[in-house]
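I opened the notebook with the sequence and the coordinates side by side. The entries follow the order in which I looked things up.

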Amino acid sequence: MHKNLFLFSLFLYSCSLFSEIVIDPGEIFAIKVDDCPNIQTQRELFVDFAGNKYAILPAPFTKDVLVINKYCLPIKVNKKNFGESRITIENTSMVDLNKSDSERVFKESQLIKQSLNTYSEDLQPSLNFISPVNGIISSRYGKQRYINEKPRSPHLALDLAAAEGTPIIAPSSGRVILIGDFFYSGNYLILDHGNGLLSSYSHMSKIYVEKGEIINQGHVIGEVGSTGRVTGPHLHWSVYLSKQRINPESLIKENYFESLFNGF
Ligand SMILES: [Zn+2]
């Protein structure tokens, strides 16, 4: 999208003069806490900006128009065509799982889900993210996935392709809360940035950090690899806010954080 048009659309959905916030799936928006005092009692991401306190909230991924009424003003999430992505996995045992692999995947998904439910009050997140890898975008957020021609869950992450061994840096500071070798994700870790903002890193060849470590923005956490279920070396990067997978590509746009407050 043209940059001015992008900023203008940010202005529209962050503008409190409108009685409704209109937003694309996977984007985030700000609500001034003074306008919606009850929000303070909820487990959301709170930030201070220009002397005011805001809740930063996610628009969930949706395939159809969705209206959210749980805040002080209605939030309309647009229907958006993100396109599709078709991949071929030649090792069919990674697609049609046997019993023991299915059990493994189930256990791993429970462990990951539990970690992603973390809400830390001791970490103050920054939304000034930088790209974790100097690579090429190979699959964007929201694409409908087809694996070996069969429809699968949409791709709610950003894929950054780079050569095996390319450094992966922390896009924002956080605490390492999970490290493991998982069936689909390969060498995998989760960073907890605080207040329900988390990010995950899949398919790494090497991991350089330990569970419990606090990592600064820019710190090398590992290297790009092709562990788990992949078609080539890349980082599959997911960002979670209040348990919703949001669009990582937006977070690394220039002045994105400041743009959330246009119109207030
Ligand atoms: Zn991916």
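**Entry 1: the metal site**

I began with His 155, which counts as buried because its relative accessibility is 4%, below the 20% limit for that class. I note here that the model is a predicted one.

Next I asked which atoms coordinate the zinc ion.

I then checked the geometry around the zinc ion. The four donor atoms subtend angles of 55 to 158°, so I logged the arrangement as irregular. For a tetrahedral label all angles would have to lie between 85 and 135 degrees.

**Entry 2: domains**

I looked up the domain assignment, which gives domain 1 as 3-79 and domain 2 as 84-251. Taken over C-alpha atoms, the centres of domain 1 and domain 2 are separated by 25 Å. To the contact, domain 1 gives 15 residues and domain 2 gives 19 residues.

**Entry 3: the sheet with β2, β3 and β4**

I traced an open sheet of three strands in the order β2-β4-β3, and its pairing is antiparallel. Which strands stand at the edges? They are β2 (28-32) and β3 (45-49); each has a single partner strand, so one side of each is left without a neighbour in the sheet. On average, neighbouring strands of this sheet are turned by 35° against each other, direction ignored.

I followed the pairing of β2 with strand β4 (residues 52-58) and found five bridges, the two strands running antiparallel. Within this region I noted Ile 31 opposite Ala 55 in β4.

**Entry 4: the sheet with β1, β5 and β6**

I traced another open sheet of three strands, in the order β1-β6-β5, with mixed pairing. Its edges are β1 (21-23) and β5 (66-68); each has a single partner strand, so one side of each lacks a neighbour in the sheet. From one strand to the next, the twist averages 20°.

I looked at β5 and strand β6 (residues 75-77), which run antiparallel and are joined by three bridges. The bridge partner of Val 67 is Lys 76 in β6.

**Entry 5: pairings of β18**

I turned to strand β18 (residues 220-223), which three bridges join to strand β12 (residues 167-169) in an antiparallel run. Strand β16 (residues 206-207) also pairs with β18 in the antiparallel sense, over two bridges.

Which residue of β18 is the bridge partner of Ile 168? I found Gly 222. Ile 207 also stands opposite Gly 222 in β18.

**Entry 6: Asn 117**

Last, I located Asn 117 in the loop between α2 (99-116) and β8 (136-139). Is Asn 117 buried, exposed or partly exposed? Its relative accessibility is 37%, so I recorded Asn 117 as partly exposed. I also took the C-alpha separation of Asn 117 and Tyr 256, which is 25 Å for residues 139 apart along the chain.

Notes. Residues numbered from 1 in each chain as written. Predicted model: local features only at pLDDT ≥ 70, side-chain atom pairs only at ≥ 80, totals over all residues. Heavy atoms only, no water. Donors = N, O, S within 2.8 Å, 3.2 Å for Na, K, Ca; no water. Tetrahedral: all angles 85-135°; square planar, octahedral: opposite > 155°, others 65-115°. Buried < 20%, exposed > 50% of the residue type's maximum accessible area, 1.4 Å probe, protein only. Pairing = 2+ DSSP bridges. Helix = DSSP H or I, 4+ residues; strand = E, 2+ residues; numbered from the N terminus. Axes fitted to C-alpha atoms, helices over the stretch in contact; angles between N-to-C directions. Domains from an automatic or database assignment. Contact = heavy atoms within 4.5 Å.
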